[in-house]
Structures are given as structure tokens and as C-alpha cells.
Amino acid sequence: MGKEQRHEAGDEVSAALNDINKKTGRNMPQAVATAVFLIALIVACLLLRIDLYIWLIAVFLVLALRELHVSFATVHLYIPLVVLWLCCAGTLLSVYYVPNHVLAAGVGITISAVAVAIAANVRHNVGKRLAGAIEGKLAAAQNVEKSSVSSAANSKTGESSIDNVSVSVFLVLYILVLASCIILPETFNGHPVAHAIMVVFLPALSDTGGLFFGAFLGKHKLSPRISPKKSVEGLCGSILFAMAGAFVIFAITYPDLWSTRWWVPILTGVMVGVIGTFGDLCASMLKRDMGLKDMGHLLKGHGGVIDRVDSILLCAPFFTVLLWVTGM
């Protein structure tokens with residue numbers, strides 16, 4: 001009898017877990033384990049040396065560029081990956097280490113755009129490694145047939161230098177401009193740890209609020225064509241979670257500014273919730289146009305690196321402006 005009860009209890013837990021996975025659209029045990037690891041890694045870097053955090057950001061974005069290289073290649077768009085890697089790492093590290101941080105960002109982005117545009121004109125050959133990655137990416141997409149996988153992996157038809165240059169320069173603007181705004185808050189006003197937590201963890205907290213509110217309360221679809229799982233209730237959850245996190249950070253870091261800056265956590269919560277959701281929708285639209293479920297698979301339960309950082313990238317410029325204008 002005891003074994004039967006344990007077996008029934010195990011079945012109930014499995015059924016409940018499967019139901020949660022279905023509602024959230026993720027493997028939640030994997031997602032939670034990955035999130036805990038990432039939080040521990042980022043916090044450890046922040047507590048040891050801010051430099052380690054800067055290098056970690058650069059490494060994450062280098063990995064994201066590799067994922068984007070494969071994803072765009074599935075639709076015959078080829079980016080100069082090595083040049084983008086060098087430009088990304090060089091620009092982001094220069095933004096932090098060069099005394100004139102804004103000038104370093106401007107010069108690095110300009111040089112990167114020119115270098116990438118020139119490199120993107122070179123004709124690309126789809127090697128075995130890239131072809132295998134394309135095949136695996138397309139095979140994982142739910143709406144792509146096996147026959148199209150083979151043709152997409154091997155065919156070179158449709159490649160255009162103009163298209164390659166356009167998407168490569170777009171990535172310079174998308175990755176380098178926005179990522180520079182992740183680095184810039186670490187260089188002013190003397191609160192690098194608090195700034196890093198705001199820029200990285202508030203969008204992640206907002207995503208968590210949207211996930212749970214949308215999964216358990218979501219009834220009104222926000223944009224069913226682009227992202228069927230996004231809901232108005234999820235957006236409200238994103239705003240509330242981000243606002244709560246902002247109030248906690250504000251209370252710990254700026255206790256003497258309550259009388260004059262009480263509105264900042266409220267504005268931050270609304271800003272992160274709305275912009276983060278918009279960033280997720282943009283990423284979903286891009287993936288839908290390419291027929292992909294995720295941009296990558298490096299982060300178990302979260303998809304790829306770019307799937308995890310899209311809302312962080314979109315929110316970063318607004319954090320930079322807000323923190324600089326308010327003197328926080």
C-alpha cells in the first residue's frame with residue numbers, strides 16, 4: 001500500500017509539473033536551475049571585482065553573436081562572426097577602461113560599423129560545422145519540415161551582400177549600442193553594484209512576474225499573432241515585480257533620497273515592464289519570421305543567450321539616462 005501511495009503521489013507531482021511547464025512554455029526545473037546558476041555567477045563577479053562583471057557581459061554577448069550567426073544563416077543571411085566578436089569585445093571593454101567612456105563607446109561603435117560592413121561584403125561559404133548547426137536549428141523548429149532543413153543547410157542561393165551588410169550593421173547597433181549602456185552605469189555616481197543589479201536583475205525579475213501572472217491569471221492576449229502566451233495580466237505582473245524590486249534596491253542604496261526621488265522606483269517599474277515586454281515581442285516576431293522556436297540552446301529552460309538578454313538590452317539605455325539624470 002505504501003508503494004502504491006508513493007507511486008500515486010509521484011504521478012500527481014509529475015502531472016502538476018507538466019501542467020506548469022505547459023502554461024509557462026518552459027521546462028521549469030531546468031529554467032529555475034539555470035536562473036540560480038546565473039544569479040550566483042553574476043553576484044559572485046560583482047562581489048569579487050566589477051571588472052569580472054564587465055568581462056562576463058562581454059563573454060555573454062560573444063556567445064549571443066554565435067547564436068545569431070547560426071539563426072540568421074538559416075534564412076541565408078551571413079554575418080562576419082569573427083569581426084563582430086573582436087569589435088564587440090574591444091568596444092565593451094574600452095567603454096569601461098578608457099577614461100572618456102562615452103567617447104570610447106562612440107568611437108568603438110563607429111569603427112565596428114565600418115569594419116563589419118566591409119567584412120560582410122565577403123562571400124560566405126557554408127562549412128560543415130555551420131551547416132550542421134543550421135540543420136540542428138531548423139530540425140528543432142516545430143513548424144519546419146525535414147526536407148526544408150536539408151535544403152536550407154546546403155543551398156547557397158539567395159545570399160545577398162547588401163542583405164548581409166544590412167543585418168551585420170543592425171547587429172552592431174543592436175548589440176554594441178545597447179550593450180554599451182549596460183557598461184556605462186558602472187562608470188558614474190559611485191554605485192556600480194546597485195546599478196548592475198538594476199540593469200540586469202530588474203528586467204529578469206520583470207520577466208518572472210510576467211511569466212507567473214500570465215501563466216496563472218492570463219486571459220486577455222496582448223499580441224496573439226506574435227506571441228500567443230503574452231497577456232495583459234502578464235504585463236501587469238511584469239510591472240509589479242519590477243516596481244517591487246526597484247523599491248527594495250532604492251531602500252537599500254538610496255535611503256536618504258526618499259523625500260525627493262520617491263517616484264523613481266515607480267517610473268522604473270513601469271519602464272522595465274513595458275520596455276521589457278516590447279523587447280520580448282520584438283524577439284518573438286524575429287524568431288517567428290525565421291521559423292525558429294529559440295535563438296539558441298545554451299541556457300537550459302531559457303533558450304539561447306539572446307533570448308535571455310533581449311529585455312535587458314532594450315531596457316539598458318533607459319536605465320543609463322534615468323540614473324544619470326537623477327544623479328543616482
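A disulfide is counted here when a pair of cysteine sulfur atoms lies within 2.5 Å. In general, a disulfide is a covalent bond between the sulfur atoms of two cysteines.

The model is predicted, so local features need pLDDT of at least 70 and side-chain atom pairs count only at pLDDT 80 or more, while totals for chains, interfaces and linings use all residues. Residues are numbered from 1 along each chain as its sequence is written, and side-chain values use heavy atoms, without hydrogens and water.

By the cut-off above, the protein has zero disulfides. The sulfur of Cys 88 has its closest cysteine sulfur in Cys 87, 8.8 Å away, which is too far for a bond. Two cysteines count as buried, meaning under 20% relative accessible area (1.4 Å probe, protein chains only).

| Residue | Relative accessibility |
|---|---|
| Cys 88 | 2% |
| Cys 181 | 13% |

Of the 328 residues of the protein, 48% are buried.

Cys 88 also belongs to the contact (heavy atoms within 4.5 Å) between helices α3 and α4. Helix α3 covers residues 50-73 and helix α4 residues 81-97; they pack at an angle of about 160°, with their axes 10 Å apart. Angles over 145 degrees count as roughly antiparallel, and therefore α3 is roughly antiparallel to α4. Among the contact residues are Trp 55 and Leu 61 of α3, and Trp 85 and Leu 92 of α4. By class, this contact has 15 nonpolar, one polar and two charged residues.

Definitions and conventions: Axes fitted to C-alpha atoms, helices over the stretch in contact; angles between N-to-C directions. Helix = DSSP H or I, 4+ residues; strand = E, 2+ residues; numbered from the N terminus. Parallel < 35°, antiparallel > 145°, perpendicular 65-115°, else oblique. Nonpolar A, V, L, I, M, F, W, Y, C, P; charged D, E, K, R; others polar. Buried < 20%, exposed > 50% of the residue type's maximum accessible area, 1.4 Å probe, protein only.
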